[in-house]
Amino acid sequence: MIKQLDCNGRILNLRTPQVMGILNVTPDSFSDGGQYHFLDAAIRHALQMQTEGAAIIDIGGESTRPGAVPVSLNEELDRVIPVIEKLKQAVHVPLSIDTIKPEVMREAVAAGAGLINDVNALQAEGALVTAASLGVPVCLMHRQGTAQTMQTEPVYEDVTEDVLGFLRGRVAACEHAGIAREQVILDPGFGFGKTLAHNMQLMRELSAFLDEDLPVLVGVSRKSMLGAILDAEPGQRLAGTITLQALALMQGAHILRSHDVKAAVDCVKTVMAVKTGM
Ligand code: 7PM
């Protein structure tokens, strides 16, 4: 497996697991009340995550989460492009753009983003061609249904096999479009059109995704599956988040997408100490 990704000139080293800090620039962001909506707060938050050890900052302007209202192209561009332009100067780690829209991918990479994080796995019209032309790494996430429909009784034959089969197909589509396999990151998409039982099976069987010999990204931070397990609000899901992250790291996960960067970095250090004995 390629252990280093060139993210638009900034290197993401995957020889050790890394933490992707979540920077939300949506006013309806579920766990931070949208206080990072404004540019200065976004910069401060990104700088803090970098100080805490984030190796990459993920910037999302469209609410891609289950149940979210779609955002217009111009609204999404207005939210994320100024943040990327500022962050390009303010931080030194690579920046990731969380979007499903090819126009946003293009503008974001032009502004300095170095990785495309697409919860729609480049299935939008023009997304594959655009990502191929931009030449940055892409994270392909699985989801069942759209943001509006995905929590209505998701069904799988075998969730691990189904998700893996979908991602294999998208990797093939990427290669056909001219995106090198070495540029692809896999993500099973925890919480996106999955029941609690589906999410738990995916975590138990995460090592199946590692067998593809591609980097694997895991996004479990504060998710509603933890709300269901713990009967806790998003702000009270840290211990559950870290527990799932540790289980993912034990199975070989490469990137943890996390709100709580310091705790996730400590989790990486601790699990790596167990794995390596030092
Ligand atoms: C409700 C549910 C609110 C989910 C917010 C979310 C992922 C992602 C998101 C993920 C990748 C969140 C999510 N989740 N991108 N974007 N993987 N690659 O926790 O799991 O921010 S949105």
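User: What's the relative accessible area of D213?
Analyst: D213 has a relative accessible area of 46%, so it counts as partly exposed. The cut-offs are under 20% relative accessible area for buried and over 50% for exposed, with partly exposed in between (1.4 Å probe, protein chains only). This is a predicted model: local features need pLDDT of at least 70, side-chain atom pairs count only at pLDDT 80 or more, and totals for chains, interfaces and linings use all residues. Residues are numbered from 1 along each chain as its sequence is written, and side-chain values use heavy atoms, with hydrogens and water left out.

User: Where does D213 lie?
Analyst: In the loop between α7 (207-210) and β9 (217-218). Helices (H or I, at least four residues) and strands (E, at least two) are DSSP runs, numbered from the N terminus. Phi of D213 is near 65°, a positive value in a residue other than glycine. Most residues other than glycine have a negative phi.

User: What about phi of N8?
Analyst: Phi of N8 is near 60°, again positive in a residue other than glycine. N8 is in the loop between β1 (4-7) and β2 (10-13). With 34% relative accessibility, N8 counts as partly exposed.

User: New topic, the sheet. What's the strand order?
Analyst: Eight strands form an open sheet, in the order β8-β7-β6-β5-β4-β3-β10-β9, with parallel pairing. Strands pair if DSSP finds at least two bridges between them. β8 and β9 stand at the edges with a single partner strand each, so one side of each has no neighbour in the sheet.

User: Which way do the residues of β8 point?
Analyst: In β8 (residues 184-187), V184 and L186 point one way and I185 and D187 the other; all are buried. β8 pairs with β7 (residues 138-141) in the parallel sense over four bridges. L140 stands opposite L186 in β8.

User: And β3, how many of its residues are buried?
Analyst: Seven of seven, across residues 18-24. Q18, M20, I22 and N24 are on one side of β3, with V19, G21 and L23 on the other.

User: Which strands does β3 pair with?
Analyst: β10 (residues 255-258), in the parallel sense over four bridges, and β4 (residues 56-60), also parallel, over five bridges. Toward β10, V19 stands opposite L256 and M20 has R257 as its bridge partner. In β4, the bridge partner of I22 is D58.

User: D58 and R257, what links them?
Analyst: D58, D98 and R257 are linked in a network of salt bridges. A salt bridge is a side-chain nitrogen of Lys or Arg within 4 Å of a carboxyl oxygen of Asp or Glu. By this rule the count comes to seven salt bridges.

User: Which residue pairs with K101?
Analyst: E76, with the closest N and O atoms 2.6 Å apart. This pair links distant parts of the chain: K101 is in the loop between β5 (95-98) and α3 (102-111), E76 in helix α2 (residues 73-90), 25 residues apart. Both K101 and E76 are buried.

User: What does E212 bridge to?
Analyst: R168, with the closest N and O atoms 3.0 Å apart. E212 is in the loop between α7 and β9, R168 is in helix α5, and they are 44 residues apart. E212 is buried at 15% relative accessible area, whereas R168 is partly exposed at 40%.

User: On to the core. Which residues have the most contacts inside it?
Analyst: I57, I59, L87, L122 and V218, in the largest nonpolar core, which has 70 residues. Helix α5 (residues 159-177) gives the most to this core, seven residues. A nonpolar core is a set of buried Ala, Val, Leu, Ile, Met, Phe, Trp, Tyr and Cys residues joined through side-chain atoms within 4.5 Å. Apart from it lies another core of 12 residues, including C7, C139, I185 and I255.

User: What does L122 contact?
Analyst: Leaving aside neighbours within four places in sequence, L122 is in contact with residues including M105, I116, L140 and R170. Contact means heavy atoms within 4.5 Å.

User: Last one: which residues make the nonpolar surface patch?
Analyst: L196, I229 and L230, over about 230 Å². I229 is in helix α8 (residues 224-230), and is partly exposed at 43% relative accessibility. Patches are made of residues with over 30% relative accessible area and no salt bridge; like charges are joined within 9 Å, nonpolar side chains (Val, Leu, Ile, Met, Phe, Trp, Tyr) within 5 Å. Accessible areas come from the Shrake-Rupley method with a 1.4 Å probe, and for residues only the protein chains shown count as cover.
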